[in-house]
Amino acid sequence: MARKRNEEYKGDNEDEEFEEEPVEEFEDPDDFVDDVNDEELLGDLLKKKPCETDGMENVIVVDEIPKVEPARQEKLENVIKKLFTTCGEIVNVYYPKDDNGYTKGYCYIEYKSPAQAEEAVKVYSNYRLDKTHTLLVNIFTDFQKYESIPVEWVPPTAQPYTPTVDLYSFLTEPDAYDQYCVVVDNGSSPSQVQFWQNSLPDPTELHRKDKFTEQTVKWSPLGTYIVAFHKQGVAIWGGPQFQRINKFPHIGTTHVEFSPKENFIVTYGLATASGGSKVIIWDIRTGLEKRSFVADPLAPTSIFRWSHDDKYVASMGDGAIHIYETDTFFLLEKKSVKIPGIRGFAWSPTDNIIAYWVAEQTDVPAKVTLMDIPKKREIRMKNLFNVADCKLHWQKCGDYLGVKVDRFSKSKKGGLKDQDVKFLGMFYNFEIFHMREKDIPVDSVEIKEPIAAFSWEPVGDKFAIIHGEGAGGSNVSFFEAKKGQKVSLVKKMERKSATHLFWSPRGGFIVLANCTQGVFEFVDTSDFTIMNTGDHHGAFQCEWDPTGRYIATGLGAHKVKDDHSYYLWSFQGRLLRRNNLKNFLQLFWRPRPQTLLADAQQKEIKKNLKKYYPQFETKDRLRQTRASKELLEKRAKLREEFLDYRQKRIQDYESLRIKRIELRNNVDTDTLEADKDNLEEEIVECLVKEETTFV
Amino acid sequence: MRPLMLQGHERSITQILYNREGDLLFSSSKDNRPNVWFSINGERLGSYNGHQGAIWCIDVDWTSTKFMSGSGDMTLKLWSVETGKSVATIETKSSVRCCNFSFSGNQAAYSTDRAMGQECELSIIDVRTMDSSLNDASPISKIPMIHSKITSMKWFLDDTIITGHENGLIASYDIRMGREINSIKEHTHVIQDLQLSKDMTMFVTASKDATAKLFDVDTLTCLKTYKTERPVNSAAISPIYEHVALGGGQEAMDVTTTSTRAGKFDSRFYHLVYEEEFARLKGHFGPINSLQFHPDGKSFASGGEDGFVRIQVFDQSYHELVFE
């Protein structure tokens, strides 16, 4: 019924509509207001309408240039021109001037193409012309954009909170297993990276990322992030699933550096797609560019040195150190520290102290100076004579500074240029600065032989050097710096083949490595016993895990054709695992942040180690038995299968026995003793050795 | 125990071979003289003089009376083991690569290289009467090899021959019918060696593809694979334990560019069933070309590219080794 009624109703409706159809009228009613605008009506045509900014895409506006009097304008113009021609050919430049003929502090530059203009904006935005002038560069057409910014400020709408990934999950692993990543070049250009956990009894693979990086990877110093390199820039990854945390677009980045506290990342790459080099400092959390520098392409790849607390970053210039405060990235006290003749510097790893050295000049000795920052106060200075070169080595705890001084007994100015100085009769000094003692006493150790390597014990008072080169190999010497005492030789190991020294990050143990042959000697420096000698043929990479319990040695595909592999060793030099992995490139342990425990707490744990010992021991044993149980099960299964097969085959063998005997003239040869009758005894006399003794 | 070093060859060893009882050890090398030694003390018993070229293969029959050697001088020579006199010389059209007596010792097979316009051929001869009449006697049968060159072979009793080929193929032939029974391609590279287990139900192959594999004699199914990082030149099954010994190493032509340690010239021992490596033995300073267990399983011998034959008697610990 309902439907019927509905139909009826519908029918009625139609009728009504028909009747009510209005008579068309084409005239606008009197009160009609045309609400169709030009945009709707002929939008497509309007788009083609020429506007004032046409042809202006090539033009940039440079703000914050100095305001100068007419006499100096030419100089200014030259400076600006020199800067901006690096981005392309400049067609036109215009400097607006005020009534007195002074420039107004901005100028217009026209390029040949919009691309060049864009490039200029990218390169020179926030470029520091000098102490007081930081350039602001915009495309001319952008002014229209900025014009339309509403006058009234509208408060931004609150964004929904998205929880960030837990970057520190790797530290909450209950067994404190360490992680390492393995880079594999599996043919396709971006390399694969595998993340492993060094669990017992076998390492477990946590994650595998194909096409992860173009060249290599790098862990941040506290292990929070891992950097992957791409053509367009670098990306940092982290968290339990190794998600991407942030991107830093910088074309052609070949090298990155983290600040020690992981607040900043420095990328060394190209200035433009076509060339030039540029260094950018980024804020890791926000992903924003903090400061950029145009780098000298011939300069060494790494130019910035960070203070331990991320407060300052310094670079060395010609006769000066530039120290920047990381709050603003302006120079500390707005000026560089002038040090004529500076040749090298290094921050203390624990204090805001810079050590630098100045080369020797005629009648002026070379000197090594310690400078307190931010006061820029000299706290210790040491004069040195006959210096050819210096190398500054800080001990990781900042307790000592070791300066390796290459000295000469005679120098000869050779060649046409005065710079070509030949040094003769080289010998070497180690100047050891005791940082923790009053007035910082300095000790000196002299070595007559060439030094191949130097390394401080990261935690402790010892350092090791490789010196001498003779037919019998080189020597490894250990020195100890005790408080209030002179540095003394504690052990000299002669005739070693070592080329590199790798201290355990916790001190105490050291690996003497021959990185050409791949021979590794594991030494306990408490009594200087060689615990073991390991052989990983050809291996040239050697990495301690951050806890000093394990060592990885690697033989990567960029050096050899085959045998790519990495081995894991215990700190005593026991080979734990051989991993042959085709196209293996590198292995990196994931670093750990410093322990949160105070010294006293650590001591407490060390004291009560015996208490914890059985607990861990049982845990290890349990794991071991579980693993061996799995192996046994696997073997049992294989054995069962094989026995099944063998049963049948043994029967076949038995059934052919008659045939076998027939074939061999009725002699049973199934076992060696089967045919006793035919056995022939033979006596063979063995002349072992003949000796004649004269009485 | 210190191994016995048998120094009687001037060039690299091509094959070593124990007789059935294991009291004698035969060796051949690229010089022209196969040698025979007392396996107990390594004293040389004699040489078989007469070849003009490198010896590629040797075999001795079960009675230790007949010995034969195939050479690059395009002859197969049959010798009297005892006197060292050459009994017969069979001229071939190219180098003789493999030779093997049948189980009964009444027949012998040899294969020739594909070279000088000749195809590879497997020939069977009757060696019941060992005299110079063999020189001109034509083979009982000839099987042309269409697949690829034979690089190793073994008789199974008196009617089947199993061959390993240059391209990694393994085939079995019915000799009476003169046709192929079965073939399988499990290896990707040349098969350098093929040795039967003591009960002749299985055989192990050694290949340049850096693996050795265990096969069933009848079905030619691959039972196990033993993996290494280097070409394997020889593999043998222990007559008393479930062990497989592998010998090989970096190829001879690359050896000068690698040191002994990188060449991996060790003899390597694997468990037959579990495929796990459990021991390595250093010694040679070139790749191992041939390796065999003594028939009593208590020692083994290896011959290397370095020209030495080493006989190593196993320590007590080897016999005490237990796999759970």
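Me: A strand is a DSSP run of E covering at least two residues, and a helix is a run of H or I covering at least four. With that in mind, what makes up residues 6-37 of chain B, helix or strand?

Reply: In this predicted model, the span of residues 6-37 of chain B is 50% strand and 0% helix. Its end C-alpha atoms lie 8 Å apart. UniProt, in an unreviewed entry, lists this span under "repeat: WD", together with residues 48-89, 184-225 and 281-311 of chain B. Residues 281-311 of chain B are 52% strand and 0% helix, with end C-alpha atoms 12 Å apart.

Me: How many helices and strands does chain B have as a whole?

Reply: Chain B has 28 strands and two helices.

Me: How do you know that β27 and β28 of chain B are paired?

Reply: Two strands pair if DSSP finds at least two bridges between them. Five bridges join β27 (residues 299-304) to β28 (residues 309-313) of chain B, so the pair meets the criterion. These two strands run antiparallel. As one example, B:Ala301 has B:Ile311 in β28(B) as its bridge partner.

Me: Why are β1 and β26 of chain B called edge strands?

Reply: The open sheet has four strands in the order β1-β28-β27-β26 (chain B), with antiparallel pairing. β1 (4-6) and β26 (288-293) of chain B each pair on one side only, and they are the edge strands. From one strand to the next, the twist averages 20°.

Me: What makes a residue of chain B count as buried, and what share of the chain does so?

Reply: A residue is buried if 20 or more other C-beta atoms lie within 10 Å of its own. Among the 324 residues of chain B, 51% count as buried.

Me: How do you know that chains A and B touch, and which helix of chain A supplies the largest share of that side?

Reply: Residues are in contact if their C-beta atoms lie within 7 Å. On this basis, 21 residues of chain A are in contact with 20 residues of chain B. α7 (609-655) and α8 (657-663) of chain A each supply at least two residues of the touching side. The largest share, eight residues, comes from α7(A). That side of chain A divides into nine charged, eight nonpolar and four polar residues.

Me: Why should residues 1-17 of chain A be read with caution?

Reply: pLDDT is the predictor's confidence, from 0 to 100. Where pLDDT is low, the predicted coordinates should not be read in detail. For chain A overall, the mean pLDDT is 82, and 89% of its residues reach 70 or more.

Technical notes:
Residues are numbered from 1 along each chain as its sequence is written. Chains are lettered from A and ligands numbered from 1 in the order in which they are written. This is a predicted model: local features need pLDDT of at least 70, side-chain atom pairs count only at pLDDT 80 or more; totals for chains, interfaces and linings use all residues. UniProt positions are given in the numbering used here, feature names are shortened, and annotations may be inferred rather than shown by experiment. Two residues are in contact if their C-beta atoms, placed from the backbone, lie within 7 Å. Ala, Val, Leu, Ile, Met, Phe, Trp, Tyr, Cys and Pro count as nonpolar, Asp, Glu, Lys and Arg as charged, and the others, Gly among them, as polar. Axes are lines fitted to C-alpha atoms, for helices over the stretch in contact, and angles run from 0 to 180 degrees between N-to-C directions. A residue is buried if 20 or more other C-beta atoms lie within 10 Å of its own, exposed if 12 or fewer, and partly exposed in between; C-beta atoms are placed from the backbone.
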